[in-house]
Every structure is written in structure tokens, then in C-alpha cells.
Amino acid sequence: MKTIQIKRIYDDPSESDGYRILVDRIWPRGVSKEEAKLDEWNKDLAPSTELRKWFDHDPDKFEDFSKEYKKELEYNKDELKALHDMAKSKTVTLLYGAKDVKYNQAVVLKEVLDDI
């Protein structure tokens, strides 16, 4: 198996990123589509607007956010499996816009993908 990694979209793209997929529901501020060098923008794998707004990147809410986000991801099993399968042959980088590198949806999504 290759690698599933996470990275802020504001960090410079690199060859080692492999397949670059943005997993935010809204486009990150200040980044052009050209600069992002995305292979895919998958809004369906992002948390719902309601959950994202409720969480508001509050570390104290992260555990509950993680549980609810994992429930939402249950509705996207085919997409998760496809991404997991892709990672068997190439590196996949989950991109996110949040400032917090520890408490964000990409951390949870990577955990879910790693457990498939």
C-alpha cells in the first residue's frame, strides 16, 4: 500500500503529494484553482455545512465532531473505498484549508480510510 497523507492546501504542492484531493466543502480563501494543482475537489467527503459550522474548529468539540463526521461518511462508502483502493497504487494527499493541523476533518477522514 502506498500512502494516504494530509496537508494544508496553503502548503506548496510537491511531487510527493501524488493524487491531490481537496476535502473541504467551501473553496479556501486566497488560493487560486491553478495554484492548488488539484486532481479532485470532493465536497461529498467534506463534513456537512451544519456540522462544520457547529464544530467551528473548537478543539473541545473535536471528539464529538469526529463521531458525527464518521456517521456522515457512512453515506459515502463507495467513494471511500475508491479512494482507499487508489492509495494502494499511488500516494493520495487529502488537502484541507483549516489552520489547525491537529483538529480538522482531514485527520478524521484519513483515520477512516486507514481503517478500511
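## Close-up views of a predicted model

View 1. With a relative accessibility of 16%, Ser 48 counts as buried (buried means under 20% relative accessible area, exposed over 50% and partly exposed in between, using a 1.4 Å probe and protein chains only). This is a predicted model, in which local features need pLDDT of at least 70 and side-chain atom pairs count only at pLDDT 80 or more, while totals for chains, interfaces and linings use all residues. Residues are numbered from 1 along each chain as its sequence is written, and side-chain values use heavy atoms, with hydrogens and water left out. Ser 48 sits in the loop joining β3 and α2; helices (H or I, at least four residues) and strands (E, at least two) are DSSP runs, numbered from the N terminus. Setting aside neighbours within four places in sequence, Ser 48 has contacts with Arg 25 and Glu 72, where contact means heavy atoms within 4.5 Å. From Ser 48 to Glu 68 there are 20 residues in sequence, and the C-alpha atoms are 9.8 Å apart in space.

**View 2. Two loop residues with positive phi.** As background, most residues other than glycine have a negative phi. Lys 37 is not a glycine, yet its phi is positive, near 50 degrees. You can find Lys 37 in the loop between α1 (33–36) and β3 (40–41), where it counts as exposed because its relative accessibility is 51%. His 57, also not a glycine, has a positive phi of about 55 degrees. The loop between α2 and α3 holds His 57, which is partly exposed at 35% relative accessibility.

**View 3. Helix α3 meeting helix α5.** Two packed helices are described by the angle between their axes and the distance between the axes. Here the axes of α3 (residues 62–73) and α5 come within 10 Å and cross at roughly 55 degrees. The axes are lines fitted to C-alpha atoms, for helices over the stretch in contact, and angles run from 0 to 180 degrees between N-to-C directions. The two helices are therefore oblique to each other (under 35 degrees counts as roughly parallel, over 145 as roughly antiparallel, 65 to 115 as roughly perpendicular and the rest as oblique). The crossing of α3 past α5 is right-handed; a crossing is left-handed if the near helix is turned anticlockwise from the far one by less than a right angle, and right-handed if clockwise. On the α3 side, the contact is made by Phe 62, Phe 65, Ser 66, Tyr 69, Lys 70 and Leu 73, and on the α5 side by Gln 105, Val 107, Val 108, Leu 109, Glu 111 and Val 112. By class, this contact of α3 with α5 has eight nonpolar, two polar and two charged residues. For these classes, Ala, Val, Leu, Ile, Met, Phe, Trp, Tyr, Cys and Pro count as nonpolar, Asp, Glu, Lys and Arg as charged, and the others, Gly among them, as polar.

**View 4. Helix α4 packed on helix α5.** The axes of α4 and α5 lie 10 Å apart, at an angle of about 75 degrees. That makes α4 roughly perpendicular to α5. Leu 80, Leu 83 and His 84 of α4 meet Leu 109, Val 112 and Leu 113 of α5. In this contact of α4 with α5, five residues are nonpolar, one is polar and none is charged.

**View 5. Leu 113 in helix α5.** Leu 113 belongs to α5 (residues 105–114) and counts as buried because its relative accessibility is 0%. Not counting residues up to four places away in sequence, Leu 113 touches Ile 4, Leu 80, Leu 83, His 84 and Leu 94. Lys 37 is 76 residues from Leu 113 along the chain, with 22 Å between their C-alpha atoms.

**View 6. The nonpolar cores.** A nonpolar core is a set of buried Ala, Val, Leu, Ile, Met, Phe, Trp, Tyr and Cys residues joined through side-chain atoms within 4.5 Å. The largest core has 23 residues, of which Ile 21, Leu 94 and Leu 109 touch the most other members. Two or more residues of this core come from each of β2 (19–22), α2 (49–55), α3, α4 (77–86), β4 (92–96) and α5. Of these, α5 gives the most, with five residues. A second, separate core has five residues, including Ile 9, Leu 22, Val 31 and Leu 95.

**View 7. Thr 93 in strand β4.** Thr 93 lies in β4 and is buried, with a relative accessible area of 0%. Beyond residues up to four places away in sequence, Thr 93 touches Gln 5, Lys 7, Asp 17, Tyr 19, Arg 20 and Ile 21. The C-alpha atoms of Thr 93 and Leu 109 are separated by 11 Å.
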